[in-house]
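Here are my notes on the model you sent.

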Amino acid sequence: MASMARRAHPLLSNIPHFLTWRSLGFRTICCGRLGFATQSQPDPDPVVAGTKVLETFREEFEIGSRLISFETGKIARFANGSVVMGMDETKVLSTVASAKGDAVRDFLPLTVDYQEKQFAQGVIPNTFMRREGAPKERELLCGRIIDRPIRPLFPAGFYHEVQVMASVLSSDGTQDPDVMAANATSAALMLSDIPWGGPIGVIRIGRISGKFIVNPTMDE
């Protein structure tokens with residue numbers, strides 16, 4: 001019986017080597033499980049100068065009594081610059097993209113879009129109004145709040161098409177995201193390779209009972 005167990009099957013002995021389990025990288029079958037054999041991974045290639053390293057960075061600081069966080073490298077990696085700014089449970093994503101080709105023009109084609117979708121508050125549109133339609137008046141005004149400070153800081157003669165997209169990812173109904181979008185756009189432009197003479201800083205000052213409050217909440 002032992003000699004029969006060690007005897008190789010004639011069909012298996014005629015299989016080419018490149019179709020065998022070991023050549024395909026499979027490990028032995030044990031307990032009904034099949035998997036790839038563990039192989040030593042080669043050392044990663046050294047980073048060449050000029051390549052974009054996709055890493056995640058996060059910074060936190062306080063302004064007034066609010067804890068603010070900046071995060072980059074996780075969302076919109078293929079944009080020239082992207083930053084997610086968070087304050088409490090409100091988070092705003094700002095992305096900056098620039099065209100490589102330079103067309104013949106004598107003005108800066110800068111487009112700034114600010115979006116407040118209903119999913120940021122956990123609301124899904126009904127079947128009748130599935131699409132949210134054109135931008136609201138508030139979104140247009142918030143886009144101008146971002147556009148007016150950053151437009152003069154581009155260098156003279158820079159005529160590449162630049163698009164800025166500021167989207168509210170989540171909103172707790174307490175913080176106003178328009179100021180956060182302007183600051184996130186400034187950080188995204190500073191991190192990008194687009195020539196820009198920033199940064200800028202935007203805050204909202206409220207006066208309650210004779211005292212000035214930095215970035216007051218919606219209730220305040």
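**Notes on the predicted model**

1. At a relative accessibility of 30%, Phe61 counts as partly exposed; buried means under 20% relative accessible area, exposed over 50%, and partly exposed in between, with a 1.4 Å probe and protein chains only.

2. Residues are numbered from 1 along each chain as its sequence is written, and side-chain values use heavy atoms, with hydrogens and water left out.

3. How many aromatic pairs does the structure hold? There are two; rings of Phe, Tyr and Trp (its six-membered ring) pair if their centres lie within 6.5 Å, and planes under 30 degrees apart count as stacked, over 60 as edge-to-face and the rest as tilted. Phe61 and Phe70 are stacked, at 5.6 Å centre to centre with 15° between the planes.

4. Phe154 has a relative accessible area of 8%, so Phe154 is buried. Phe158, at 11%, also counts as buried.

5. Helix α3 (residues 137–150) packs on helix α4 (residues 177–191) at an angle of about 40°, with the axes 10 Å apart. Helices here are DSSP runs (H or I, at least four residues), numbered from the N terminus. Axes are lines fitted to C-alpha atoms over the stretch in contact, and angles run from 0 to 180 degrees between N-to-C directions. The angle makes α3 oblique to α4; under 35 degrees counts as roughly parallel, over 145 as roughly antiparallel, 65 to 115 as roughly perpendicular and the rest as oblique.

6. Which residues make this contact? From α3 they are Arg138, Cys142, Ile146 and Ile150, and from α4 Pro177, Asp178, Ala181, Ala182, Thr185 and Leu189. Contact means heavy atoms within 4.5 Å.

7. Val179 sits in helix α4 and counts as buried at 10% relative accessibility. Leaving aside residues up to four places away in sequence, Val179 touches Val202, Ile203, Arg204 and Asn215. Val179 and Ile203 are 24 residues apart along the chain, with 6.2 Å between their C-alpha atoms.

Technical notes: This is a predicted model: local features need pLDDT of at least 70, side-chain atom pairs count only at pLDDT 80 or more; totals for chains, interfaces and linings use all residues. Helices (H or I, at least four residues) and strands (E, at least two) are DSSP runs, numbered from the N terminus.
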